[in-house]
Amino acid sequence: MGMTDVLVVGAGPTGLVLACDLARRGAAVRIVDRSPATPRTSRAKGPNARSLEILDDLGVAEEVLAAGSAPLPMLKYRDRLPVAETDPWADSSPSPDAPYDRGRLIAQWRLEEILRDRLARYGVRVELGREATGLGEAPGGRHVDVTFAEGRTERARYVVGCDGAHSSVRKLLGIGFEGATAEDQVMVCGDVDLADGALDRTRWHQWFDEDGAVMLCPIPGTRTGWWFQAGPERDGRSRPLAPTADGFRRLLARHTALPGRALTRAELLSTYRVNVRMADRFRAGRVFLAGDAAHVHAVAGGLGMNTGIQDAFNLGWKLGLVLAGHAGPELLDTYEEERLPVAARTLDLTSERLRATLEAIRRPGGGLDAAITPDTTGLGVGYRWSSLARGLAEAPQAGDGSPDAPDAEGRVARDGDRPAPQSGDRAPDAPCVDAVTGARTRLHRVFAGPRTTVLGFGPGSAAVLLEVAAAYGDAGVRTCRVYAAHEDRATFGPEAAVVDDEGHAAAAYGTKASDGTGTGTGTGTGTVVIVRPDHHLGLSAPAADARSVRAYLRRLHGGPRSAEGAEEGSADRFSGIGGRHR
């Protein structure tokens with residue numbers, strides 16, 4: 001029986017992002033989906049700012065931007081008349097450390113198509129019509145046997161269930177999915193065509209009346225396609241009726257100034273109920289859960305698909321390092337440690353945004369903009385509590401009397417403006433110049449691809465970068481020297497080098513004061529920053545503290561030139577599928 005490194009169950013955005021990330025790392029990955037044909041679903045309206053960064057890393061952001069549209073201003077109506085218009089992003093703009101300040105509207109089926117095309121470039125295709133019906137971890141815990149509905153059994157080192165809220169993988173593991181479904185909070189949804197010119201396609205139209213609501217958002221890439229969402233029709237006992245094309249027409253005629261016949265087609269009809277649930281754990285032995293299989297929450301803020309994409313990006317690099325023998329399997333413990341609290345917070349955030357939205361729409365002019373806050377960009381999500389962020393040379397801790405102690409949110413202020421990022425935080429982007437070619441680039445472009453990045457600021461970092469390149473250059477670590485605009489660049493030639501010509505990188509990482517002058521040029525001065533493969537800050541340490549740099553890289557990548565086979569040799573550290581692994 002052949003062995004697959006990772007079997008991904010479920011080919012929605014979460015599973016596809018994970019499969020793409022693993023495939024580019026050279027892992028033997030397969031992805032299956034129980035649907036007999038490629039789903040044509042538009043449910044999620046698109047990636048948020050943080051997911052766009054992930055899609056950029058995977059090499060598909062430009063395609064996603066071209067296929068989608070910017071978020072649209074919202075036109076709100078009451079009693080069929082327009083009463084207010086709001087652009088939730090009017091005061092937002094890209095910044096040097098975050099070039100994506102907002103998400104993108106794109107039909108989910110189109111995003112999935114783009115990801116499937118990217119995956120196919122690695123020679124991996126979705127295997128449709130394959131439903132997992134059995135899971136069993138082998139004695140000794142070295143692999144998982146997966147049984148499919150057609151009777152075949154296949155073997156994988158790891159399995160990841162990305163198979164949605166009704167996850168077969170989660171049910172086979174017997175993992176609880178605690179929470180509640182709000183039967184009274186119901187919405188009917190579908191993709192519809194409206195008569196050409198029926199509505200302005202540069203707006204997201206929202207009719208909120210005392211007796212119901214209709215929302216129509218144009219689907220990018222179509223001429224007459226719209227996302228339709230509405231409060232359901234109800235029977236004589238006030239029970240919601242199932243969605244139908246004629247029902248959509250009646251709702252349209254009741255709430256809008258359009259005649260029912262303006263709706264010429266309706267498909268992908270569904271009923272959405274507010275469902276807030278989370279798995280008890282995201283891992284059992286060699287099997288993991290990600291996306292809706294691990295957590296579902298209120299639709300407010302559009303975080304469902306995005307949280308799943310970000311789960312996948314957290315798990316992919318960890319599986320990749322372990323499979324390559326560059327890290328021990330204990331690194332995989334940090335997936336649940338980091339993502340479960342994020343999921344729990346997302347449940348709270350979306351429930352609060354839903355409450356705010358339901359309250360807002362009771363008043364004329366209220367609308368879905370009440371669900372959008374800076375939290376919904378995903379750019380503020382970090383892992384300061386993680387074991388990958390603890391016990392390291394780091395910013396001063398709160399209450400230590402230091403003038404640079406963190407504020408109430410745990411952030412350290414610098415230069416009287418932005419807080420300096422700490423271990424676990426998202427690593428900021430910054431525009432810069434390629435030191436060799438002179439071409440404009442940015443730090444996230446340097447980070448792109450499946451490796452850990454070690455940045456060196458100041459001349460004192462040169463020796464550390466050389467040591468790292470020699471010890472870990474073949475184990476998934478790259479080095480990059482970040483030169484200040486005025487620095488002499490003739491003395492050092494690491495794997496990569498950029499010029500921080502406008503000072504944005506030094507400002508973003510708080511390295512300006514490394515020698516007390518703001519120039520970063522004193523002898524022996526400098527800062528070394530380790531950025532994890534998922535663009536989160538691992539460590540920021542003075543260049544003189546090479547010991548902390550070595551210790552952190554050992555945590556992620558094992559000893560220098562880590563021996564192959566670490567993954568197999570440590571397999572017995574795991575319990576069986578049904579048990580805890582901590």
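Two rings of Phe, Tyr or Trp (for Trp, the six-membered ring) make a pair if their centres lie within 6.5 Å; planes under 30 degrees apart count as stacked, over 60 as edge-to-face and the rest as tilted. The model here is predicted, so local features need pLDDT of at least 70 and side-chain atom pairs count only at pLDDT 80 or more, while totals for chains, interfaces and linings use all residues. Residues are numbered from 1 along each chain as its sequence is written, and side-chain values use heavy atoms, with hydrogens and water left out.

**Exercise 1. Find which residues the ring pairs link into a cluster, and look at one of the pairs.**

Step 1. Ring pairs join Tyr158, Phe282, Phe288 and Tyr335 into a cluster. The structure holds seven aromatic pairs.

Step 2. Take Phe282 and Tyr335: their ring centres are 6.3 Å apart and their planes meet at 45°, so this pair is tilted.

Step 3. Now place the two on the chain. Phe282 sits in the loop between strand S13 (263-279) and strand S14 (283-284), Tyr335 sits in helix H8 (residues 333-360), and 53 residues separate them. Helices (H or I, at least four residues) and strands (E, at least two) are DSSP runs, numbered from the N terminus.

Step 4. Both Phe282 and Tyr335 are buried. Buried means under 20% relative accessible area, exposed over 50%, and partly exposed in between (1.4 Å probe, protein chains only).

Step 5. Tyr158 also has a charge over its ring: the charged end of Arg286 sits there, 4.7 Å from the ring centre. The cut-off is NZ of Lys or CZ of Arg within 6 Å of the ring centre and within 35 degrees of the ring normal.

**Exercise 2. Work out how Phe457 and Tyr509 pair, and which elements they tie together.**

Step 1. The Phe457–Tyr509 pair is tilted, at 6.0 Å centre to centre with 35° between the planes.

Step 2. Phe457 belongs to strand S21 (residues 452-457) and Tyr509 to helix H11 (residues 504-509), so the pair ties together parts 52 residues apart in sequence.

Step 3. Phe457 and Tyr509 are both buried.

Step 4. Follow S21 to its neighbour: six bridges join S21 to S22, and the two run parallel. Gly456 stands opposite Arg481 in S22.

Step 5. Strand S22 (residues 477-484) has eight of its eight residues buried, so the rest of the structure largely encloses it. Val477, Thr479, Arg481 and Tyr483 are buried on one side, and Arg478, Cys480, Val482 and Ala484 on the other. In a regular strand, side chains alternate between the two faces of the sheet.

**Exercise 3. Decide which residues of helix H6 are buried and what they pack against.**

Step 1. In helix H6 (residues 245-255), the buried residues are Gly247, Phe248, Leu251, Leu252 and His255.

Step 2. Looking down the axis of H6, these buried residues fall within an arc of 140°, so they line one face of the helix. The arc is that of the directions from the helix axis to the C-beta atoms.

Step 3. The buried residues of H6 pack against strand S9 (177-194), strand S10 (204-209), strand S11 (212-218), strand S12 (225-230) and S13. Contact means heavy atoms within 4.5 Å.

Terms used:
Pairing = 2+ DSSP bridges.
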